[in-house]
Amino acid sequence: MLIRTGDTVQVLAGKDRGKRGAILAVQPLAQKVVVEGVNIATRHLKARAGRTQTGIVQLPAAMPWSKVMLVCPSCDKAMRPMSKIAADGTKQRTCRKCGAVIPAVKR
């Protein structure tokens with residue numbers, strides 16, 4: 001999987017098709033991602049000790065990672081990244097459309 005936390009992705013299918021957002025969390029065993037501002041679910045939270053917010057809360061829910069596509073930061077298009085070996089021997093994500101190296105975003 002070449003999608004990481006902090007990457008900008010575009011939703012391919014579902015009620016939020018076409019929307020873009022940053023990845024908040026990746027769940028590799030479940031093959032799901034949580035995207036900021038997409039797939040919003042309503043939860044009813046009961047008051048408990050230590051909980052800051054109670055009542056009806058809207059939170060982004062996980063969605064399958066096959067329904068999102070990485071957006072290249074340089075050409076601003078949705079694309080499938082490919083892996084290339086750099087001159088120093090490290091593996092890098094590269095855009096298939098423009099050939100630019102996609103940097104790892106740190107959160």
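Q: Which residue stands opposite Ile 23 in E3?
A: Ile 23 stands opposite Val 35 in E3, where E marks a strand, a DSSP run of at least two residues, with strands numbered from the N terminus. This is a predicted model, in which local features need pLDDT of at least 70 and side-chain atom pairs count only at pLDDT 80 or more, while totals for chains, interfaces and linings use all residues. Residues are numbered from 1 along each chain as its sequence is written, and side-chain values use heavy atoms, with hydrogens and water left out.

Q: OK, and how many bridges are there between E2 and E3?
A: E2 and E3 are joined by 4 bridges and pair in the antiparallel sense, pairing being assigned if DSSP finds at least two bridges between two strands. They form a hairpin with 4 residues between them, and Gln 31 in that turn has a positive phi of about 55°.

Q: What is the order of the open sheet of 5 strands?
A: The order is E6-E3-E2-E1-E7, with antiparallel pairing. Strand E6 (62-64) and E7 stand at the edges with a single partner strand each, so one side of each is left without a neighbour in the sheet. From one strand to the next, the twist averages 50°, an angle that runs from 0 to 180 degrees between the N-to-C directions of axes fitted to C-alpha atoms.

Q: Then which strands does E1 pair with?
A: Strand E1 (residues 8-11) pairs with E7 in the antiparallel sense over 3 bridges, and 3 bridges also join E1 to strand E2 (residues 20-27), again antiparallel. On the E7 side, Gln 10 stands opposite Met 69, whereas the bridge partner of Val 9 in E2 is Gly 21.

Q: Switching to the open sheet of 3 strands, what is its order?
A: That sheet has the order E8-E9-E10, with antiparallel pairing. E8 and strand E10 (101-102) stand at the edges, and because each has a single partner strand, one side of each is left without a neighbour in the sheet. E8 and E9 pair over 4 bridges in the antiparallel sense, with Lys 91 in E9 as the bridge partner of Ile 85.

Q: And where does Arg 93 lie, in which strand?
A: Arg 93 lies in strand E9 (residues 91-94).

Q: Is Arg 93 buried or exposed?
A: Arg 93 is buried, with a relative accessible area of 3%; buried means under 20% relative accessible area, exposed over 50%, and partly exposed in between, with a 1.4 Å probe and protein chains only.

Q: What does the side chain of Arg 93 make a polar contact with?
A: The side chain of Arg 93 makes a polar contact with the side chain of Asp 7, at 2.6 Å, and it also reaches the backbone oxygen of Leu 2 at 2.8 Å. A polar contact here is a pair of N or O atoms within 3.5 Å; within protein, one must be able to donate a hydrogen and the other to accept it, and residues adjacent in sequence count only if both atoms are side-chain atoms. Leaving aside residues up to four places away in sequence, Arg 93 touches several others, including Leu 70, Met 82 and Ile 102, with contact meaning heavy atoms within 4.5 Å.

Q: What about Ile 40, which residues does it touch?
A: Not counting residues up to four places away in sequence, Ile 40 touches Lys 15, Gln 58, Leu 59 and Pro 60. Ile 40 is found in strand E4 and is partly exposed, with a relative accessible area of 36%.

Q: Last one: where is Asp 76 found?
A: Asp 76 is found in the loop between strand E7 (68-70) and strand E8 (82-85), and Asp 76 has a positive phi of about 60° although it is not a glycine. Asn 39, in the loop between strand E3 (32-35) and strand E4 (40-45), also has a positive phi of about 60° without being a glycine.
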